[in-house]
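Here's a friendly walk through the structure you are about to see. Have a look around first, then read on.

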Amino acid sequence: MHTYIFHTQVLRAGVWCGIRLQSSSTATASATASSSSPAPSLGFSFELTDQQKEFQQLARRFAQEEIIPVAPAYDKSGEYPFPIIKKAWELGLFNGHIPQEYVQSQSYHTCGMGLSIFDSCLITEELAYGCTGMQTAMEANSLGQMPVIIAGSDAQKKKYLGRLTEEPLMCAYCVTEPGAGSDVAGIKTRAVKMGDEYVVNGQKMWITNGGKANWYFLLARTNSDPKCPASKAFTGFIVDADTPGVQIGRKEMNMGQRCSDTRGITFEDVRIPKENVLIGEGSGFKIAMGAFDNTRPPVAAGATGLAQRALDEATSYALERKTFGKVIAEHQAVSFLLAEMVMKVELARMAYQRAAWEVDQGRRNTYYASIAKAFAGDIANQVASDAVQVFGGNGFNSEYPVEKLMRDAKIYQIYEGTAQIQRLIIAREHLGRAKK
Amino acid sequence: MSGRVLVGVKRVIDYAVKIRVKPDNTGVVTDGVKHSMNPFCEIAVEEAVKLKEKKLIKEVVAVSCGPQQSQETIRTALAMGADRGIHVDVSGKDYENLGPLQVSKILAALAKQEDAQLILLGKQAIDDDCNQTGQMTAALLDWPQGTFASEVSLEGDKINLVREIDGGLEHIKINTPAVITADLRLNTPRYATLPNIMDSLMNNETELHKPNHRTSLCVGLIPLFETVAPEDMQGGTDRSGAMLRHTVLQSGKPKRIILSCLCI
């Protein structure tokens with residue numbers, strides 16, 4: 001009997017919308033062509049595998065049919081897009097990094113597939129094309145679970161990753177504080193060992209999925225000696241969100257990505273069992289930073305998806321809108337604007353793909369990951385702003401999609417390492433290589 | 001009863017693509033153009049998978065006739081829940097001449113070979129809009145047919161069907177084995193999930209068949225004379241009543257000349 005399907009309950013897709021826009025993404029034009037004969041191996045390849053192409057197609061279709069129609073409404077209301085997230089979870093569009101052995105039971109909707117970072121970046125770009133607010137909510141899951149994936153014990157992985165595959169539960173990465181964002185070593189949340197537990201006190205801020213998470217990855221200071229180096233002073237914990245003492249703040253109203261749930265969280269005498277320590281006391285800093293090499297490429301991919309959307313919207317508008325007797329795309333000022341937008345989007349794509357490929361090869365990709373994130377964040381803002389410009393007066397108006405893109409783009413220069421921090425990292429890596 | 005359903009899936013140019021006629025007017029451009037499963041075939045696959053989930057049938061077999069790339073279409077069906085696939089390899093000149101009559105002969109032969117209880121097809125393909133394959137297949141097998149189905153329910157060894165027809169909805173009851181063609185409102189096709197896509201690529205559930213020329217392909221060829229894009233629509237002029245209606249009907253008629261020459 002040829003039943004190879006892992007799960008028997010594949011739920012119905014949502015509304016079949018016939019509004020799928022023609023994708024004009026030039027970078028993927030070759031990817032969507034009918035099967036081409038493989039070129040002789042030149043080492044470096046821009047070709048996607050059949051599986052990657054199909055993943056990309058699925059994510060693209062999901063974005064067109066499920067995300068794009070409802071994104072403006074969620075942006076206006078700021079409501080958490082749980083129905084969309086649930087559908088994406090059912091299709092396996094996120095939580096893809098969870099290795100297959102940590103899936104819980106037989107009849108679950110999606111199993112972790114141990115996807116490579118590259119594969120998940122492809123999917124992330126397509127979902128971000130639809131709405132970066134929703135994509136960030138899903139990406140925050142990857143960020144939250146990454147410390148557990150890279151540093152968790154077998155038991156911790158089974159418990160905390162496993163439950164994410166059983167139900168559409170969210171997790172969150174709790175590091176930033178009101179007084180310390182870029183300066184992670186400056187966080188003040190304290191964890192004091194008392195018997196078999198750690199008692200945590202402190203405040204975290206800007207936690208994505210803060211109000212919706214089932215559990216958090218928490219970074220807290222365990223060594224009170226101010227002279228203790230950062231690499232030994234912090235500890236990573238897994239905290240269940242319903243632990244007594246965890247006080248979830250109000251949902252913050254942000255400039256963009258408004259449907260994503262961002263909150264402050266206060267920890268008041270929260271007791272964490274020692275089994276929930278990742279690796280051991282003092283290993284937290286390395287784990288927290290190590291997660292970023294894996295999550296920066298997807299964030300760059302998200303920014304690229306937003307930029308691609310801005311480019312596509314501007315392009316179709318430029319081909320329709322007429323001034324001075326011709327479509328505005330035929331005016332060189334506009335066509336040059338579009339050309340520069342194209343350049344930026346294509347390069348951002350290549351940058352994140354390189355960064356993702358590097359880490360999948362098993363190499364430390366900090367250099368490429370920072371380049372990708374810095375570049376993609378910057379160009380996303382530029383391209384979105386240029387898109388509004390192409391739309392002219394209409395672009396400023398909320399009836400047209402580009403003003404949302406411009407508002408959503410800003411955060412890409414801030415979270416997951418600010419644009420300035422990325423430059424610090426790139427300079428350090430670059431000069432480190434030069435000195436060798 | 002084998003409890004086996006054959007679902008025909010056709011690889012067509014994706015519905016969102018802008019069709020362009022080839023410069024030599026021999027057809028439309030297909031090279032490098034995005035193709036996907038015919039939307040009505042997706043609805044048929046969904047219905048078959050649903051029947052299997054309700055345990056009313058045992059196995060869903062996806063069939064596609066075409067070149068190598070048809071395997072992608074079969075894989076999509078597998079990722080949606082079909083159990084196995086049959087790829088009938090038709091390429092080159094044979095593929096250009098492949099039409100409903102040939103496909104229905106192939107499907108009829110496969111239905112007998114696989115001992116199928118039901119054949120589910122889309123009502124028509126979005127590239128040729130023929131709306132013939134289902135009907136011809138039923139005739140060749142001498143099976144009852146339920147076309148333009150918007151509701152299907154199995155009742156013992158009979159099928160209750162609601163058909164969408166010009167006058168409204170028609171309720172019929174047909175015996176099995178039968179051929180059903182799916183209309184738009186039959187269901188909403190599911191997405192393939194990522195794990196299913198991975199599986200469909202890893203497992204080789206698709207058999208390759210080479211059609212026996214004697215039985216299948218050499219009959220009923222319809223030579224294509226010319227393919228021309230429709231004229232650009234002229235703007236309407238503001239006239240009242242009947243004159244306006246007359247003007248609109250005159251302009252914008254697509255020109256496609258096909259010489260039909262059936263040789264049976």
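A nonpolar core, as the word is used here, is a set of buried Ala, Val, Leu, Ile, Met, Phe, Trp, Tyr and Cys residues joined through side-chain atoms within 4.5 Å. Buried means under 20% relative accessible area, exposed means over 50%, and partly exposed is in between (1.4 Å probe, protein chains only). Before we start, keep in mind that this is a predicted model, where local features need pLDDT of at least 70 and side-chain atom pairs count only at pLDDT 80 or more, while totals for chains, interfaces and linings use all residues. Residues are numbered from 1 along each chain as its sequence is written, chains are lettered from A and ligands numbered from 1 in the order in which they are written, and side-chain values use heavy atoms, with hydrogens and water left out.

Let's begin with the largest nonpolar core, which has 74 residues. Tyr173(A), Phe217(A) and Leu219(A) have the most contacts inside this core. Helix α9 of chain A (residues 284-318) gives the most to it, namely 15 residues; helices (H or I, at least four residues) and strands (E, at least two) are DSSP runs, numbered from the N terminus. If you zoom in on Leu219(A) and skip its neighbours within four places in sequence, its contacts (heavy atoms within 4.5 Å) include Val184(A), Ile187(A), Phe234(A) and Phe285(A).

Now for the domains. An automatic or database assignment sets the bounds, and chain A gets domain 1 (50-170), domain 2 (173-282) and domain 3 (285-435). Where domains 2 and 3 of chain A meet, 15 residues of domain 2 are in contact with 14 residues of domain 3. Tyr173(A), Met255(A) and Gln257(A) supply 44% of the area that domain 2 of chain A buries against domain 3 of chain A, more than any other three residues. Buried area here is the accessible area (1.4 Å probe) that two parts lose on being put together, summed over both.

How many salt bridges cross this interface between domain 2 and domain 3 of chain A? The rule, a side-chain nitrogen of Lys or Arg within 4 Å of a carboxyl oxygen of Asp or Glu, finds zero there. Over all chains, though, the count comes to 41. One of them joins Arg354(A) and Glu358(A), with the closest N and O atoms 2.9 Å apart. Both residues sit in helix α10 of chain A (residues 332-360), four residues apart, about one turn of the helix. Arg354(A) is partly exposed at 26% relative accessibility, whereas Glu358(A) is buried at 5%.
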